[in-house]
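Me: I would like to learn how to read a model like this one. Can we take it feature by feature?

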Amino acid sequence: MDDKPCAITIVCVDCLLERETELQALIATVEAVRSGRGAVVLVAGGAGIGKTSLLRVMRDLVSLPFYVGRCEPLSVPEPLGPLRELAAGAGAAEMPELAAGD
Ligand SMILES: Nc1ncnc2c1ncn2[C@@H]1O[C@H](COP(=O)(O)OP(=O)(O)O)[C@@H](O)[C@H]1O
Ligand SMILES: [Mg+2]
């Protein structure tokens, strides 16, 4: 037996609780996208409810480009902020029609 101290790594697998309905809805949307329809999904809820966690699980489940735009409660709202973030994630710098703005 090896006497070296061992590092224990705890990996949380399938650790999203009580989100089967939401995951099923997102998976159905992904299937529609795979068949050629575009889709935008709005995930809404209070801070800490699990929006980011849900999207992380989805991102890991699907092998499609996956972009997120966040709605932040800024004191000075940024017009179209979430859409701009989506466009940046999708590579708007290389797509003048997206980078053009408003
Ligand atoms: N359904 C859930 N099952 C397990 N943990 C959750 C769930 N929803 C939230 N959490 C946990 O609560 C914390 C906040 O979740 P997060 O996804 O960051 O929320 P939000 O993006 O809505 O603010 C994280 O540590 C996350 O792991
Ligand atoms: Mg979040």
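Me: Which elements of the protein chain have the lowest and the highest mean pLDDT?

Reply: pLDDT is the predictor's confidence in each residue, from 0 to 100. Among the elements of the protein chain, helix α4 (residues 96-99) has the lowest mean, 64. Helix α1 has the highest, 90. For the protein chain the mean pLDDT is 80, and 78% of its residues reach 70 or more. This is a predicted model: local features need pLDDT of at least 70, side-chain atom pairs count only at pLDDT 80 or more, and totals for chains, interfaces and linings use all residues. Residues are numbered from 1 along each chain as its sequence is written, while chains are lettered from A and ligands numbered from 1 in the order in which they are written.

Me: How many helices and strands does the protein chain have?

Reply: Helices (H or I, at least four residues) and strands (E, at least two) are DSSP runs, numbered from the N terminus. Here there are four helices and zero strands. Along the sequence the pattern reads α-α-α-α.

Me: How do I judge the span of α1?

Reply: The expected span of a helix is 1.5 Å times one less than its number of residues. α1 has 15 residues and reaches 21 Å from its first C-alpha to its last, close to the expected 21 Å.

Me: What share of the protein chain is buried?

Reply: Count C-beta atoms, placed from the backbone: a residue is buried if 20 or more others lie within 10 Å of its own, exposed if 12 or fewer, and partly exposed in between. Buried residues make up 3% of the 102 residues in the protein chain. α1 is hardly covered, with one buried residue among its 15.

Me: Why does Glu-22 count as partly exposed?

Reply: Because Glu-22 has 18 C-beta neighbours inside 10 Å. Glu-22 is in helix α1. Its C-alpha is 8.1 Å from that of Leu-54, 32 residues apart along the chain.

Me: What is Val-57 in contact with, beyond its neighbours within four places in sequence?

Reply: Two residues are in contact if their C-beta atoms, placed from the backbone, lie within 7 Å. Val-57 is in contact with Leu-16 and Leu-23, leaving aside those neighbours. Val-57 lies in helix α2 (residues 51-61). Val-57 and Leu-16 are 41 residues apart in sequence, yet 8.0 Å apart in space, C-alpha to C-alpha. With 18 C-beta neighbours inside 10 Å, Val-57 is partly exposed. Across the protein chain, 30% of the contacts with a separation of 6 or more join residues 24 or more positions apart.

Me: Which residues come nearest to ligand 1?

Reply: A residue is near a molecule if its C-beta atom, placed from the backbone, lies within 6 Å of it. Of the 13 residues around ligand 1, Leu-17, Gly-50, Lys-51, Thr-52 and Ser-53 come nearest. The shell divides into five nonpolar, five polar and three charged residues. Ala, Val, Leu, Ile, Met, Phe, Trp, Tyr, Cys and Pro count as nonpolar, Asp, Glu, Lys and Arg as charged, and the others, Gly among them, as polar.
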